[in-house]
Amino acid sequence: MQVLKFGGTSVANAENINKVVQILKEAAAREKIVVVASALGGTTDALLAAGTLASEGNEAYKEKLKELEQRHLDAVKALIPVSQQSGILSMVKKNCNEMEDICNGVFLLRELSHRTKDRIVSYGELISSRILSARLEADGVANVWKDARELIITDSHFTNATVDLNTTNEKIEAFFSASDAAVFVLPGFVASDANGITTTLGRGGSDYTAAILAAGLHASSLEIWTDVSGMMTADPRLVQNARVIPHISYQEAMELSHFGAKVIYPPTIQPVMKKNIPVWIKNTFAPGDFGTVIESGTVKNGNNIRGISSISRIALLSLEGSGMVGIPGFSRRLFEALANEQINVIIITQSSSEHSICVGIDEVFAGRAKAAVDKAFSHEIETGKVDPLQVEKNLSIVALVGDNMKSHPGISGKMFGTIGRNGVNVRAIAQGSSERNISAVIASSDVRKAINVLHEEFFETTYKQVNLFIIGVGNVGSRLLSQLEQQKEYLQENLRLQVRVVGIANSRNMLFNDEGISMQNWKEELAKSEAMNLDQFVRNIQLKNLRNSVFADVTANHEVAGCYASLLEKSVSVVACNKIACSADYSYYRKLKDLAREYNCQFLFETNVGAGLPVIGTLNDLLRSGDKVNRIEAVLSGTLNFVFNNYNGEKNFADVVKKAQEEGYTEPDPRLDLSGTDVMRKIMILARETGEKIEMNQIDNKTFMPESCMKGSVADFYSAMATEEAHFKKLYEEAQKAGKKLKFVAKYENGKASVGLQHIDQQHDFFHLYGKDNVVLFYTERYPDQPLVVKGAGAGAEVTASGVFADITRASKM
């Protein structure tokens, strides 16, 4: 004999019930079957709502009951031939009249007891199972309908009754052994106490009904038919790439269902596990899918983790005090106080110092729990031995479950390392001695992120998803977006990274899309999106709380540079093309570096020096390997190198600078380049990376620009340069006469830094530096005479974008 249970979605309407009938006909052709039906989807909630309205004196309950009655009548008319409808329609009307009578009584008394609740909600399963039985008869499938209340006997703990299994099994055996029928239909969820009064088995209790029947009948299998194709590795509403678990053990299934997996009701497993009856989770709407089989021995899937689950709305209760240390009985009294209030403890953890004990409960009971515990420990609280109970809300439990976790070291470290790198703070930890479950209490706002990164880490071998936010989509930023689109397949195939741009902004607008912004029409979408507000942009990143988040600043904006700290504190990695943060006060630079370390994220700024050249990366590799930097000499301005390589006294100096700006080599304000300020920033950043505490005012700048050129607007700057042409021509001619070239050189040595225009002779490494190229010479303990040289294009939108791209991939692979 086989037991099949159909959930509320499976019998939600006539169309679905017809699907159920087809499944049952195929099953009945193989062996005897027992069918357990839930109420039509949403009926139980509607009945509870009607009862509550009635108890509040709100006559709207009548309308709710009428809607329910009409829904069931419509189902009968759609399922049963007209000639056979009379009896079943009368049954629906009779039961609906009883429901209304009970609710009328509740309305008059303004009282809704648990006993009355059970009576009201029982009608959902009683009616639906009768309709299903009648539909089978109409289709030629003879069957016996049996009221489960006559078989399943419980105590009188209404709304969540405990089954008397001995009496129940006797009744099950007596009834089924006396019948020759091949198909039986019963309502799920409902039972009765020793006095014949209706009780229920708790929400989800139809699963339990089916399991009790399967165990009592020694069934060949139990099938739970629902609207998903089995138990999943994670909640598919939270994790897009969640997959079906084909095989799972009884113990693993119990752990997952206890920790929030909604596919199966937690008590369901126990009765069938004792009889070693396999449980199948099947999909009514895709009956051909394999589903999940729950059994004693499982097929190894090559993974130590079977699934990830969570429970929301948890309150954490912490009892602390020096008076607890070494004194027996505190734990017992705590649990006794909670048990007396019938409050279930979900998770327990205690420090080895015995100074505190922490338990997790349903948030609904937090107020009652605090009152009960504070009362139980009132004497200790008054004498200062114990603190009043601390209650934290808005928490959830995330759990890893798997039989194969046992004796496999490193899983806990992998779990906590993964969520820690994403800024998820763990409030409490618990692991059973069976090592089948590792649980962590975290903020409810972090659940989606935590489950996704854990699923990615333990189940997804294909790629890691990175969520990228970009401010600044002008010359460099737009090329960055093009490069990301161009390299999308390469990143996924070779680096196992899926980089999704989920937020972009310029000075006018900002655009967000959690599923990824289209790289084909981002300009059009951005132009019609909401107005840019930097505070709101940053706030959105924090509120979205997406896993593996990276923020890229492709601006030269002071305000944007000022928001890095608030992002790093949320474990959002920051990639800065903007030099302002790293060239600000040393204290801010140091703070950002420290925050990145503290919150397990990255603060990368390779393009601050040398655009796409690996200057900072090379310097850090030297230092990490134990080398010491003695001196740095560099040409760090692609703009100035371009200008002095192209100026020969024939064209005006101002025209050459203008050309450099038009080709995208200069800062938005070219005076930053020409004054040497940009080079000062770069050499200071390199000095700071060596460990030097240095500020801008400590750098000697031997500027070559006349003071008149540095006043007014950018237009005034160009006019003044034209006026000062003789000055620039003289600089060039003096170098030319000596057989040398003009180069704007930065130097760092012995804790001092300087920048300035120099005459470079033919033997120097800087002499043959053409176009917009940069070069950096590192003189170190290992490279004392022949320096380590980094040389190449040091300006240009394409190479700068590629440097930002490289930093994004580095941040993503942490």
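Guide: Contact here means heavy atoms within 4.5 Å. This is a predicted model: local features need pLDDT of at least 70, side-chain atom pairs count only at pLDDT 80 or more, and totals for chains, interfaces and linings use all residues. Residues are numbered from 1 along each chain as its sequence is written, and side-chain values use heavy atoms, with hydrogens and water left out.

Visitor: OK, which residues in H3 meet which in H5?

Guide: His 72, Val 76 and Leu 79 in H3 meet Ile 127, Ile 131 and Arg 135 in H5. Helices are DSSP runs of H or I, at least four residues, and strands are runs of E, at least two, numbered from the N terminus.

Visitor: And how do H3 and H5 divide by residue type at that contact?

Guide: Four nonpolar, one polar and one charged. Nonpolar covers Ala, Val, Leu, Ile, Met, Phe, Trp, Tyr, Cys and Pro; charged covers Asp, Glu, Lys and Arg; the others, Gly among them, are polar.

Visitor: Switching topic. What order do the strands of the open six-stranded sheet have?

Guide: S26-S28-S27-S25-S29-S30, with mixed pairing. Strands pair if DSSP finds at least two bridges between them. The edge strands are S26 (699-702) and S30 (788-793), each pairing on one side only.

Visitor: How many bridges join S26 to S28?

Guide: Four, and the two strands run parallel. Asp 700 stands opposite Ser 754 in S28.

Visitor: Last one. What does Ile 294 touch?

Guide: Among its contacts, leaving out residues up to four places away in sequence, are Met 231, Ile 248, Tyr 250, Ile 264 and Pro 278.
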